[in-house]
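Please look over the sequence and the structure shown here. The briefing below is intended for a reader new to them.

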Amino acid sequence: MKKTRILVVDDEPGFTRLLKLVLQRYEIREENDALRAFETAQSFRPDLILLDVVMPGIDGGNLAARIKGDPLLKNVPIVFLTAVVSPKEAGQHPKHIGGFPFLAKPVSPEVLERCIEEHLTPS
Amino acid sequence: MGCSLVAATIGALTIVGWVTGMESLASLRTHYIPMAPSTALCFALLGIAINTRTRRGSLRRVSLACTIIVGLVAAGKLVEFASGYRLGLDELLVANPAMFGIVRKGRMAPITALNFLLSTCALACMMRASWRRFAGFPATLAGAISIVVLLGYMYGTPLLYGGAIIPVALSTAGAFLFLSVSLITAAGPDCWPLLPLAGSSARSLLLRWFLPIVIAGTIVNSYLESRFINTPGFNPALVSALSTLGFAFIISAIISQLSRVVGDRIDQAEAGRRGAQYALESLNAVLEQRIAARTIELRAKNDETQRLFADLTQSHENLKHAQLQLIQAEKMQSVGNFAAGIAHEVKNPLAILQMGLGCLTCRPELDAESLHVVYEEMKDAVARANTVISGLLDYSSSKELNIQPCQLPGVVEQSLHLMRHEFVNRHITIIRDFAPDFPPCQIDAQKIEQVFVNLFTNACHAMPKGGTLTVAATVRTLTAGDVHWEAGNRSGSRFREDERVAVVTVCDTGAGIPTDQLSKVFDPFFTTKPTGQGTGLGLTVAAKIIELHGGRLELSNAPERGAVATVTFHLRQSP
């Protein structure tokens, strides 16, 4: 059976490397260079994209907008991973910031996996 | 001039009368005393003096000489009368004259001498321009005396022309009257007594009409009364009535004429005044209209100004309010940015640690190689978090300085020594350019060492493929251009023109700093380095340390390539 493809865009190589080890049930593609992420997404054709917010070159918001503007990628769900949102904000906006679901770093593998599953099968 | 000639002629005729024996020429009437030859001579001399007075050259001197001679003769005669001593002035001309009553003929009367003295005084006053205004007084007095003498003759009263002393001859009095008129005229209309009579004013006009007629009328009336009232054959009442009637007629005629002249003038003046008043009233009305219009205009402008002022005040208040809000927002944004920076730099290592823990707990099947990766990543994450927290502690604890006099090049050299392995690994060549005889600087050597290590570290990161690091330490004097940018600096440690400072520059051959990011390089957590290589606190801490030393840290791009960090220290006592 074909594995679900997940593209992880984050400028932290350590994080993406460990995430890949944890989520072995998915086919994970790491991308640490945000400027190359769009092309990677076009070639990889992921089922879901995990996207960091603060990155050098282009931030997650602009990258998400670009992905949503692409006809081939516009339906790919995006989940933000951010370290700059406080737990209080996370409590106030449990799911969405700027129209996208998000997870606040640090995040446990269980929560991350649950979130991925939730957004792979939209209700 | 004519009057003076008449007087001189009278004198000359008298001399002729004395010389030819025709006494009537000297006395006019046989029972009147004749004019003395000396008097006649004086009149002739005064006539010459008056007529040559305004000439130039020798004639003017003749005038002066004649005046002096007459004055001396008159004074001599008065001395004779006063002292009784005979100077023999008259005797020179008429040695043994006939008697006239109790006095001798051919002798100058004392009143005559006095009049000559007054006349010569008047002439003397006219010799100088500044004295001329006084000439009218002695001349008028002489004329008045001559009139009194003439009245004496007219009324037949000897007391008035001599009494018991030598009487004044009738011709002498007449000649004096002409002489006085001549002198008063010569003094000019701008001198008394002509001054009030001259001009076109109502006063002078009235004086010109009334004064002569009243004097003449009074004299004539009195003369008629004295001459005819007691004369047999004349009805005194009739004479009195006729003289009064005649006088009244003349006065009435003059007043009538005067009324016409003065009345015309008053009418003209009144018409002029009315015209001027009408013009003034018209002008006033126009002016009032203009003032009213201008007042309305000004009131409108004033209202507009007040409204604008109110708007301006409101705008000012709004601006102040907005400014306060902006300051508050800026503060909140600074705090927010700082918190976000800390969150980003700490939470990412925490996320790695969390994920590592997840690996260890959820994936027990991981092979040794993967486990090694997990351990290494977790170890790096802990180190990164520690670096960030240490940087923050450095930032917060950098306020305490241990200031000592130090050799700045030595401190820089120590920093280079600490970084030597990094330079070797990255193939970076070091060029030192330290000025000799560097003066000691008041610095905290350890903190400044940290600053230069930070700067060298940044330089190393900017030259990943090697390059050249040039470090220079100099002492120089600041120019106006160096301190220009500090115009708005309120701190007590600002640099001033002509100040001696120590300057250290660190110049790399890297890619430099993007221009749009130059203003952010000192912001906490701002970094252009790849993730994990920098916390974004190095330059913030370095700038803070330099600021605590009262110095200045600037970052710019070199003209050719690379970035230049310039650290400037005061050479005076550090704060």
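Predicted model: local features only at pLDDT ≥ 70, side-chain atom pairs only at ≥ 80, totals over all residues.

Residues are numbered from 1 along each chain as its sequence is written, chains are lettered from A and ligands numbered from 1 in the order in which they are written, and side-chain values use heavy atoms, leaving out hydrogens and water.

**Interface of chains A and B**

- Contact (heavy atoms within 4.5 Å) joins 23 residues of chain B to 25 residues of chain A.
- The rule finds two salt bridges across this interface, a salt bridge being a side-chain nitrogen of Lys or Arg within 4 Å of a carboxyl oxygen of Asp or Glu.
- Arg17(A) and Glu377(B) form a salt bridge through their side chains, at 2.3 Å from N to O.
- On chain B, α9 (236–362) and α10 (368–397) each give two or more residues to the side that touches chain A; helices are DSSP runs of H or I, at least four residues, and strands are runs of E, at least two, numbered from the N terminus.
- The largest share of that side, 14 residues, comes from α9(B).

**Sheet of chain B**

- Five strands make an open sheet with mixed pairing, in the order β4-β6-β7-β9-β8 (chain B); two strands pair if DSSP finds at least two bridges between them.
- The edge strands, β4 (428–434) and β8 (552–557) of chain B, each pair on one side only.
- β4(B) pairs with β6(B), residues 467–477, in the parallel sense over seven bridges.
- Phe434(B) stands opposite Ala473(B) in β6(B).
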